[in-house]
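Please look over the sequence and the model below.

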Amino acid sequence: MKKLTFVAAMAIAAATFTSCGNGTPTANLKSDIDSMSYAMGVSQTQGLKEFLVERMSIDTTYMNDFIKGLNDGANAGDNKKKAAYYAGIQIGQQISNQMIVGINHEIFGDDSTKSISLKNFMAGFVAGTTGKGQKMTLEQAQKVAESKMQEVKAKVLEKEYGPNKIAGEKFMAETAKKEGVKPLANGIYYKVIKEGSGAMPKDTSMVKVHYEGRLSDGTVFDSSYERGEPVTLRANQVIKGFTEALVHMPVGSTWEVYIPQEMAYGEREQRQIKPFSPLIFKIELISLGK
């Protein structure tokens, strides 16, 4: 039998119910269709309560209010005016409980005292939905949202991890003065451990490398040596500083490369790597190609 959707099953069931005010409808199982409709209603609720709690953030203390809304929605039938209103309620709640929460976490992390402006978000959302009174096009809005989000997020992270940024800049300045350390490009420095004589890869080349990544305090956060085998990758599929080193290394070389935070992960946090952290890589370029 073709499985009915949740909405379709509930609509069929609602047609056979007599309502007790705004509460739970009372079943009247006088015919096979009545019993079938009731059974379909029950069968389609599997996992619903968990969905309401976990995905829609519904407080089960207010289940009577949910049932009222459920009845109103099911009994609205094809009333387009009511259907539009209920759709607005549902999307509005998704904005409040999911979109805004997700955006705030992305920008402000775990700081629950900060939030974007719901009023301005809704002004933009409504303008974009209706096409009336828009202050910017969709394309402009996407660019502004992305750039401003990065700016605000960077300011938040810099305030929190400012000392880490200062320490990183000091580390890079001190490294530049060490014996055998040479400048490369974009604030990157390197020291030759072993000089190779092979070809140098392009940024699109496939390369076979061994590497070890360390923080400025010496903590190893990743190592192909520890895994026991080299890695084959495209030179431009790693952080910018790693790529910059690769395209200047002859095959057969082993370098120690010092990468400033802006050529590494910048304001992003990656497991052990805190925002604004400079990185040190030992890179052994074994060969080109697969």
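**Conventions**

This is a predicted model, in which local features need pLDDT of at least 70, side-chain atom pairs count only at pLDDT 80 or more, and totals for chains, interfaces and linings use all residues. Residues are numbered from 1 along each chain as its sequence is written, and side-chain values use heavy atoms, without hydrogens or water.

**Nonpolar cores**

A nonpolar core is a set of buried Ala, Val, Leu, Ile, Met, Phe, Trp, Tyr and Cys residues joined through side-chain atoms within 4.5 Å. Buried means under 20% relative accessible area, exposed means over 50%, and partly exposed lies in between (1.4 Å probe, protein chains only).

The largest nonpolar core has 25 residues. Leu246, Val257, Leu279, Phe281 and Ile283 touch the most other members. Four elements each supply at least two residues of this core: strand E3 (206-215), helix H9 (240-246), strand E6 (254-259) and strand E7 (279-288). Helices (H or I, at least four residues) and strands (E, at least two) are DSSP runs, numbered from the N terminus.

What does isoleucine 283 touch, leaving aside its neighbours within four places in sequence? Its contacts are His210, Phe242, Ala245, Leu246, Met249, Ser253, Thr254, Trp255 and Val257. Contact here means heavy atoms within 4.5 Å.

A second, separate core has five residues. Phe171, Met172, Val181 and Tyr258 are among them.

**Leucine 288**

Leucine 288 is found in strand E7. Its relative accessibility is 36%, so it counts as partly exposed. Leaving aside neighbours within four places in sequence, leucine 288 is in contact with Ala199, Pro201, Met206, Val207 and Val251. Arginine 234 is 54 residues from leucine 288 in sequence; the C-alpha atoms of the two are 9.7 Å apart.

**Salt bridges**

A salt bridge is a side-chain nitrogen of Lys or Arg within 4 Å of a carboxyl oxygen of Asp or Glu. The whole structure holds nine of them.

| Aspartate 72 | Lysine 68 | 3.2 Å |

Aspartate 72 and lysine 68 both lie in helix H4 (residues 63-75). They are four residues apart, about one turn of the helix. An α-helix has 3.6 residues a turn, so residues three or four places apart point the same way. Aspartate 72 is partly exposed at 26% relative accessible area. Lysine 68 is also partly exposed, at 34%.

In the next pair, aspartate 111 is partly exposed, with a relative accessible area of 29%. Lysine 114 is partly exposed at 36%.

Are arginine 214 and glutamate 256 buried or exposed? Both are buried. Arginine 214 lies in strand E3 and glutamate 256 in strand E6, so the pair ties together parts that are 42 residues apart in sequence. Salt bridges with shared partners join Glu212, Arg214 and Glu256 into one network.

**Backbone points**

Most residues other than glycine have a negative phi. Asparagine 186 has a positive phi, near 55°. It lies in the loop between strand E1 (182-183) and strand E2 (189-194). Phenylalanine 276 also has a positive phi, near 65°. Its place is the loop between E6 and E7. At 5% relative accessibility, phenylalanine 276 counts as buried.

Helix H6 (residues 118-130) has 13 residues. The expected span is 1.5 Å times one less than the number of residues. For H6 that gives 18 Å, and the end C-alpha atoms are 18 Å apart, which agrees. Glycine 131 follows H6 and has a positive phi, near 75°.

Leu29, Tyr38 and Val42 make a nonpolar surface patch of about 270 Å². Patches are made of residues with over 30% relative accessible area and no salt bridge; like charges are joined within 9 Å, and nonpolar side chains (Val, Leu, Ile, Met, Phe, Trp, Tyr) within 5 Å. Accessible areas come from the Shrake-Rupley method with a 1.4 Å probe; for residues, only the protein chains shown count as cover. Leucine 29 is found in the loop between helix H1 (6-15) and helix H2 (32-43). It counts as partly exposed, at 45% relative accessibility.

Glycine 41 lies in helix H2. It is buried, with a relative accessible area of 10%.
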